[in-house]
Amino acid sequence: MAGRLVLVATPIGNLGDLSPRAVEALAGADVVACEDTRRTGKLLAYAGVSAPRLLVVNERTEAAGAVEIARLAVDGKTVVLVSDAGTPSVSDPGARVVKAVLDEGGEVEAVPGPSAALAALVVSGLPTGRFCFEGFLPRKGRHRADRIAVLARESRTMVLFEAPHRLARTLEDLAAALGGDRAVAIVREQTKLHEEVWRGTLDDAAVRANSAEPRGEHVLVLAGCGDQTPPSESQIRAALDERLADGLSRRDAAAAVAADLGVSRRVVYQISLAD
């Protein structure tokens, strides 16, 4: 009999947000996979659940943990996967585990619950009908610059995570690329005693972050850019020249520019051939 993997969302701050279904799933697990056994041990104690076997699955051990959990599922075991807070696999370990279990024919279920991204989105005051989740931005280099350039052209509301010691720099980088007057909501210490929601512009947010040391994990909710004028041919040529100067082939440069500017790859490639 095939076992199953159950992804269980856990509180992001307030333990009162642990759902009855989550408690039931934890109580019925043969193994609980978690990022930190101490934090999950406290959660189990709060829920009144006798600790089953705990398996550490964090950023460093996810690959090996996925193999072990898939084996357990094949052996008919029920494995519950939790992160330190929120929904597993959303900016936390879990995606490799899900794939490994499915590849071995196991079942995967989810017990939904707390989500820092959604909780911040709905209190931001920004449009919620269409949004995208970006998680943490790359920390440095071209990958970071490229990602922010894409965000500058994103028309949907955007949700990002950021650590306190990188908050000011990220706000400054976003203001430079998206415009200092772009609306942003910053949510920290969600569901905890000192929960705070700040709303304003990226310029003001950067000044605020630099004026005092930020504390706690932060969720940034950014307004989309709205309707944009399509890039001109000269803008596309300039972007192509930059990519070609980086050493990309003509075809790869066209693909990269098309993704960056949100235009057809075929159109960009035809412009590249006309040079």
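Which residue is the bridge partner of Arg188 in β10? In β10, Arg188 is bridged to His218. The legends below place that pair in its setting.

The structure is a predicted model: local features need pLDDT of at least 70, side-chain atom pairs count only at pLDDT 80 or more, and totals for chains, interfaces and linings use all residues. Residues are numbered from 1 along each chain as its sequence is written, and side-chain values use heavy atoms, with hydrogens and water left out.

**View 1. The whole protein.** The protein holds eleven helices and ten strands. Both kinds of element are DSSP runs numbered from the N terminus: helices are H or I with at least four residues, strands E with at least two. The C-alpha trace spans about 65 × 45 × 30 Å along its principal axes. Of the 275 residues, 43% are buried. Buried means under 20% relative accessible area, exposed over 50%, and partly exposed in between, with a 1.4 Å probe and protein chains only. Among contacts with a separation of 6 or more, 70% come from residues 24 or more positions apart. A contact means heavy atoms within 4.5 Å.

**View 2. The parallel sheet.** Five strands form an open sheet in the order β3-β2-β4-β1-β5, with parallel pairing. Strands β3 (53–56) and β5 (107–111) stand at the edges with a single partner each, so one side of each has no neighbour in the sheet. From one strand to the next, the twist averages 25°. Two strands count as paired if DSSP finds at least two bridges between them. Strand β1 (residues 4–8) and strand β4 (residues 78–81) run parallel and are joined by four bridges. Within that pair, Val6 stands opposite Val80 in β4. Helix α2 (residues 37–47) packs on the sheet and touches β2 (31–34) and β3. The direction of α2 makes about 145° with that of β3. Axes are lines fitted to C-alpha atoms, for helices over the stretch in contact, and angles run from 0 to 180 degrees between N-to-C directions.

**View 3. Helix α3 against helix α4.** Helix α3 (residues 62–74) and helix α4 (residues 95–103) pack at about 35°, with axes 8 Å apart. The crossing of α3 past α4 is right-handed. That term applies if the near helix is turned clockwise from the far one by less than a right angle; anticlockwise is left-handed. From α3, the contact is made by Glu62, Ala63, Ala66, Ile69, Ala70 and Ala73. From α4, Ala95, Arg96, Val97, Ala100 and Val101 take part. By class, the contact has nine nonpolar, no polar and two charged residues. Here Ala, Val, Leu, Ile, Met, Phe, Trp, Tyr, Cys and Pro count as nonpolar, Asp, Glu, Lys and Arg as charged, and the others, Gly among them, as polar.

**View 4. The mixed sheet.** A further open sheet of five strands has the order β6-β7-β10-β8-β9, with mixed pairing. Its edges are β6 (131–136) and β9, each with a single partner strand, so one side of each is left without a neighbour in the sheet. The twist averages 20° from one strand to the next. Helix α5 (residues 116–123) packs on the sheet, touching β6, β7 (157–162), β8, β9 and β10. The direction of α5 makes about 130° with that of β7. Helix α8 (residues 202–211) also packs on this sheet and touches β8, β9 and β10. The direction of α8 makes about 130° with that of β9.

**View 5. Strand β8 and its two partners.** Strand β8 (residues 183–188) pairs with strand β9 (residues 196–201) in the antiparallel sense over six bridges. Five bridges join β8 to strand β10 (residues 218–222), also antiparallel. Ile186 stands opposite Trp198 in β9. In β10, Ile186 has Leu220 as its bridge partner.

**View 6. His218 in strand β10.** His218 is found in strand β10. At 4% relative accessibility, His218 is buried. Its side chain reaches the backbone oxygen of Gly216 at 2.7 Å. Not counting residues up to four places away in sequence, His218 touches Leu160, Phe161, Glu162, Pro164, Leu167, Ile186, Val187 and Arg188.

**View 7. Gly224 in its loop.** Gly224 lies in the loop between β10 and α9 (233–245). At 22% relative accessibility, Gly224 counts as partly exposed. Gly224 and Arg153 are 71 residues apart along the chain, and their C-alpha atoms are separated by 7.8 Å. Leaving aside neighbours within four places in sequence, Gly224 is in contact with Glu154, Ser155, Arg156, Thr157, Met158 and Arg182.

Conventions
Polar contact = N/O pair within 3.5 Å; in protein donor to acceptor, adjacent residues only side chain to side chain.
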